[in-house]
Structure formats: structure tokens, C-alpha cells
Amino acid sequence: MTSSSDGNEHSAAGEVRAIVVGHGSYPEGMIDAVDRITGRGHLLLGVSNRDLSAGEIETRLRECTATTGVKVFFSDLPAGSATLAVRRLLRDHTDCVLVTGANLAALLDFVFQPPMSAVDAAHHAAEKGRLAVLVNGGAS
């Protein structure tokens, strides 16, 4: 994983299959965790909303999409500036998909999917991420 000089994009050379977008260091942290567990962090490109306006986030995402051809986005929240920027991008790119509330389980599933479309892999990963959210203890 590498960082740009402004610290907003994180990826390594190789095939990028999805963009992880969100608040602060969320993208970097999630990609770092995926890479430490699987060695496949290079499949993800991180875009942070840190110090960016809504328009700047959207511009950065459009640039990343144009250069990588990525059709899958994972974001931290179902709303917020980063997610809203992706939603605006989806208006022009109806073949793309956004998975909101993405967690580590979802990203791990995504990077381990066998050959299938990135969009199908995103749907599978979203289901895995949902199943990973559990509450243990706290008898009531």
C-alpha cells in the first residue's frame, strides 16, 4: 500500500477492483487490515474525505473511476459526504454499485471472491458483512 503526498489515496500497483471511501483514515485502516490478513490490499483503492469539499470528493472519485475502471465502491456510512459523492457518481454510471456500512468482513469476502464480476462480488460481500454483525452477551 502506498500513500499520495496529500494522504488521501492509498493503494498499491496492480489490479484495483474497488474503491473504499469514507471519513478520515477509515479507507487506509480498512485496506491496511485487508492487506495484513490477506496480502490483497492492492485490490482496493482508498479515498478519504479528509479536508475535501463535497465537490472535491466527487471529482476525486470520478478521476479514480476513470483511471481504474472500478465499478464497486465501499463506504463507511449509508450517508455522509463520501457516500453522497458516490451516489451522485452512480447517476452517471448505472453499471456501478455502492455498498454502504462496509466492514472488514465484507472487504475480506470481496477480495477473496473467485472470478466473477466485481458487482456480483460486491453483492456477495455485502451479505457476508451483514452476517458478521452480531451481538454477544448482555442478557436482557
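These notebook entries record what I looked up in the structure, which is a predicted model.

**Entry 1. Confidence**

I began with the pLDDT values. The protein averages 89, and 89% of the residues score at least 70. I then compared the elements: helix α1 (residues 26-38) has the highest mean pLDDT, 98, whereas strand β1 (residues 2-3) has the lowest, 38. I noted that the pLDDT is below 50 over residues 1-13, although this stretch has 35 contacts in the model beyond near neighbours in sequence.

**Entry 2. Helices α1 and α4**

I looked up how α1 packs on helix α4 (residues 104-111). The angle is about 55° and the axes are 10 Å apart. That angle makes α1 oblique to α4. I recorded the crossing of the two helices as right-handed. From α1, the residues M30, A33, V34, I37 and T38 take part, and they meet L104, L107, L108 and V111 of α4.

**Entry 3. Helices α4 and α5**

I next turned to the contact of α4 with helix α5 (residues 118-131). Here the axes are 8 Å apart and the packing angle is about 145°. This crossing is also listed as right-handed. On the α4 side I found A105, A106, D109 and F110; on the α5 side they meet A118, A121, A122, H124, A125, K128 and G129. The contact holds 7 nonpolar, 2 polar and 2 charged residues.

**Entry 4. The aromatic pair**

I asked how many aromatic pairs a search of the whole structure finds. The search returns 1. F74 and F110 form this pair in an edge-to-face arrangement, with 5.2 Å centre to centre and 75° between the planes. F74 belongs to strand β5 (residues 72-75) and F110 to helix α4, so the pair ties together parts 36 residues apart in sequence. I noted that F110 is also among the α4 residues that meet α5.

**Entry 5. Helices α2 and α3**

Last, I examined helix α2 (residues 54-68) and helix α3 (residues 81-92). Their axes come within 9 Å and cross at roughly 55°. The two helices are therefore oblique to each other, and α2 passes α3 in a right-handed crossing. I listed A54, I57, E58, L61, R62 and T65 from α2, which meet S81, A82, A85, V86, R88, L89 and D92 from α3. In this contact I found 7 nonpolar, 2 polar and 4 charged residues.

How values were computed: Residues are numbered from 1 along each chain as its sequence is written. This is a predicted model: local features need pLDDT of at least 70, side-chain atom pairs count only at pLDDT 80 or more; totals for chains, interfaces and linings use all residues. Side-chain values use heavy atoms; hydrogens and water are left out. Axes are lines fitted to C-alpha atoms, for helices over the stretch in contact, and angles run from 0 to 180 degrees between N-to-C directions. Helices (H or I, at least four residues) and strands (E, at least two) are DSSP runs, numbered from the N terminus. Angles under 35 degrees count as roughly parallel, over 145 as roughly antiparallel, 65 to 115 as roughly perpendicular and the rest as oblique. A crossing is left-handed if the near helix is turned anticlockwise from the far one by less than a right angle, and right-handed if clockwise. Contact means heavy atoms within 4.5 Å. pLDDT is the predictor's confidence in each residue, from 0 to 100. Ala, Val, Leu, Ile, Met, Phe, Trp, Tyr, Cys and Pro count as nonpolar, Asp, Glu, Lys and Arg as charged, and the others, Gly among them, as polar. Rings of Phe, Tyr and Trp (its six-membered ring) pair if their centres lie within 6.5 Å; planes under 30 degrees apart count as stacked, over 60 as edge-to-face and the rest as tilted.
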